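Please consider the following model from its overall architecture down to individual residues. The discussion begins with ring pairing and then widens to the chain as a whole.

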Amino acid sequence: MDHFGLDAHVDIHGDEAIAANFFAGTEGIPKWDDSLAHQLATLSGALLRRSPDFQVGLGYPVDAPGEANMAVGSNAVAQRYGALSVTLEMPFKDTPLDAPTSATAGRRAARRVRPGARRRAARRAARRGRRAGPGAPRRRRAAAAEDGPPRRARRRPSSTS
């Protein structure tokens with residue numbers, strides 16, 4: 001970032017207390033100005049239009065000018081580079097939009113998967129000779145690959161009594 005600079009910075013966190021998606025902005029940094037305020041309003045407006053989960057009513061209190069905690073990453077980045085920097089807080093809890101029967105991990109989460117995505121992932125994995133999905137074994141370490149092909153487990157002789 002020091003070499004190239006940056007136009008914007010988004011730090012993504014999970015909030016345990018507030019059941020809402022919101023930005024924790026950097027309004028309290030000494031470099032805060034009208035340009036950064038306009039950029040934050042533009043980004044917030046775009047998310048409000050795009051995501052039904054994002055909102056601007058709930059969130060952390062806004063710091064007074066010059067009173068920001070500079071140990072917070074987004075505040076430090078915004079102050080150092082003069083760029084828009086926000087922390088996107090996302091709840092660990094269900095939001096008010098989540099029905100008690102569907103929850104975040106239910107139908108709402110499933111609808112965000114593109115149709116056929118799981119099937120395509122399984123086909124790609126099959127072409128590579130691996131299983132897809134959770135519980136699929138990880139690739140062998142490089143050191144193990146140098147030892148040659150994997151050995152099959154020996155069968156124990158069956159006891160015939």
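In this predicted model, the count of aromatic pairs comes to 2. One of them joins Phe22 and Tyr60: the ring centres are 5.0 Å apart and the planes stand at 90°, which is over the 60 degrees required, so the pair is classed as edge-to-face. Distant parts of the chain are linked by this pair, since Phe22 belongs to strand β2 and Tyr60 to the loop between α1 and α2, 38 residues apart. The two partners may also be described by their accessibility. Phe22 has a relative accessibility of 1% and therefore counts as buried, the limit being under 20%. Tyr60, at 37%, falls between the limits of 20% and 50% and so counts as partly exposed.

The wider fold provides the setting for this pair. The chain contains 5 helices and 3 strands, and along the sequence they follow the pattern β-β-α-α-β-α-α-α. Of the contacts with a separation of 6 or more, 73% are between residues 24 or more positions apart. The chain has 161 residues, and buried residues make up 24% of them.

When neighbours within four places in sequence are set aside, His13 is in contact with Thr87, Leu88, Glu89 and Met90. His13 has a relative accessibility of 39%, a value between 20% and 50%, and therefore counts as partly exposed.

Beyond strand β1 comes the loop between β1 and β2, where Ala20 has its place. Ala20 counts as buried because its relative accessibility is 4%, under the limit of 20%. The C-alpha atoms of Ala20 and Asp53 are 7.2 Å apart in space, while the residues are 33 apart in sequence.

Helix α2 can be examined through its buried residues and what covers them. Within α2, the residues Ser74, Asn75, Val77, Ala78 and Gln79 are buried. An α-helix has 3.6 residues a turn, so residues three or four places apart point the same way. The cover over the buried residues of α2 includes β1, β2 and β3. After α2 comes Gly82, which has a positive phi near 65°.

Several of these elements meet again at the largest pocket. Which residues lie nearest the centre of this pocket? They are Phe23, Ala24, Gly25, Tyr60 and Pro61, from a lining of 26 residues. Two or more lining residues are given by each of β1 (8–15), β2 (22–24), α1 (34–50), α2 (73–81) and β3 (84–91). The space in the largest pocket is about 440 Å³. By class, its lining consists of 11 nonpolar, 11 polar and 4 charged residues. Tyr60 thus connects two parts of this account: its ring pairs edge-to-face with that of Phe22, and the residue is among those nearest the centre of the largest pocket.

Definitions and conventions:
Residues are numbered from 1 along each chain as its sequence is written. This is a predicted model: local features need pLDDT of at least 70, side-chain atom pairs count only at pLDDT 80 or more; totals for chains, interfaces and linings use all residues. Side-chain values use heavy atoms; hydrogens and water are left out. On a 1 Å grid over the protein atoms alone, a cavity is a set of points where a 1.4 Å probe fits but cannot get out, and a pocket is an open set with protein on both sides within 12 Å along at least five of seven lines; lining residues have an atom within 4 Å of a point. Grid points are joined across faces, edges and corners, and a volume is the space filled by probe spheres set on the points. Helices (H or I, at least four residues) and strands (E, at least two) are DSSP runs, numbered from the N terminus. Ala, Val, Leu, Ile, Met, Phe, Trp, Tyr, Cys and Pro count as nonpolar, Asp, Glu, Lys and Arg as charged, and the others, Gly among them, as polar. Rings of Phe, Tyr and Trp (its six-membered ring) pair if their centres lie within 6.5 Å; planes under 30 degrees apart count as stacked, over 60 as edge-to-face and the rest as tilted. Buried means under 20% relative accessible area, exposed over 50%, partly exposed in between (1.4 Å probe, protein chains only). Contact means heavy atoms within 4.5 Å.
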